[in-house]
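Please read each point alongside the coordinates.

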Amino acid sequence: MVGKNANAVKGLDAETPLRTTGWSASLAADKGNLLLMLYEKAIRCMEEALVLIEAGDMIGKGAKIIQAQEIVLQLADSLDKNSGIEGATEIALNLERLYLYIYTRLIRGNNLLDQKAIGEALHLMGTLCTAWEQIIPVTSNASKTAAANA
């Protein structure tokens with residue numbers, strides 16, 4: 001594409017208004033609520049993967065674990081390891097190590113049908129989610145509802 005539409009995204013240009021529906025609407029929520037939604041989604045994916053293993057649905061199990069892995073990697077990638085705030089870099093690096101450990105447990109669980117490894121990843125994510133829930137005030141139940149319905 002050349003000219004005024006060179007930076008357009010699949011049919012969107014300066015004259016096309018952006019719509020905020022579904023998941024896009026939840027992006028308007030604050031970062032804290034988005035973080036909690038990511039944790040909750042990863043936890044649900046892991047729980048569903050364990051059920052799917054029991055049911056013998058290996059394709060479904062793989063899809064759920066891959067979703068959880070993608071969320072865990074996104075959480076690791078979003079850490080600000082250079083914030084300049086005293087102690088924040090160390091916390092971010094430790095969280096990154098923990099996320100990568102969870103990621104490796106999910107790989108093991110997916111490849112070897114290791115329910116214990118998935119359970120460990122689930123437990124760690126649940127513990128982190130609970131900690132974040134104590135830190136992050138839920139400012140808008142509407143934003144959580146919008147994301148859940150997306």
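1. The crossing of α2 and α3 is left-handed (the near helix is turned anticlockwise from the far one by less than a right angle; clockwise would be right-handed). Helices here are DSSP runs of H or I of at least four residues, numbered from the N terminus. The axes of α2 and α3 lie 8 Å apart, at an angle of about 155°, which makes the two helices roughly antiparallel (an angle over 145 degrees). Axes are lines fitted to C-alpha atoms over the stretch in contact, and angles run from 0 to 180 degrees between N-to-C directions.

2. The model is predicted: local features need pLDDT of at least 70, side-chain atom pairs count only at pLDDT 80 or more, and totals for chains, interfaces and linings use all residues. Residues are numbered from 1 along each chain as its sequence is written, and side-chain values use heavy atoms, with hydrogens and water left out.

3. α2 also packs with α5: their axes come within 10 Å and cross at roughly 155°. α2 is therefore roughly antiparallel to α5, and this crossing is left-handed.

4. For α4 and α5 (residues 115–135), the axes come within 7 Å and cross at roughly 150°. That angle makes α4 roughly antiparallel to α5; α4 passes α5 in a left-handed crossing.

5. The length of α2 agrees with expectation, because 25 residues at 1.5 Å each should span 36 Å and its end C-alpha atoms are 36 Å apart (the expected span is 1.5 Å times one less than the number of residues). Gly 56, which follows α2, has a positive phi, near 80°.

6. The largest pocket holds about 540 Å³ of space (a pocket is an open set of points on a 1 Å grid over the protein atoms alone, where a 1.4 Å probe fits, with protein on both sides within 12 Å along at least five of seven lines; its volume is the space filled by probe spheres set on the points, joined across faces, edges and corners). Its lining comprises 21 residues, with Leu 35, Ser 78, Leu 79, Asp 80 and Trp 132 the closest to the centre (lining residues have an atom within 4 Å of a point). The elements giving two or more residues to this lining are α2 (31–55), α3 (58–77) and α4 (88–112).

7. Which element supplies the largest share of the lining of the largest pocket? α2 does, with six residues. By class, the lining divides into 14 nonpolar, five polar and two charged residues (Ala, Val, Leu, Ile, Met, Phe, Trp, Tyr, Cys and Pro count as nonpolar, Asp, Glu, Lys and Arg as charged, and the others, Gly among them, as polar).

Definitions and conventions:
Angles under 35 degrees count as roughly parallel, over 145 as roughly antiparallel, 65 to 115 as roughly perpendicular and the rest as oblique.
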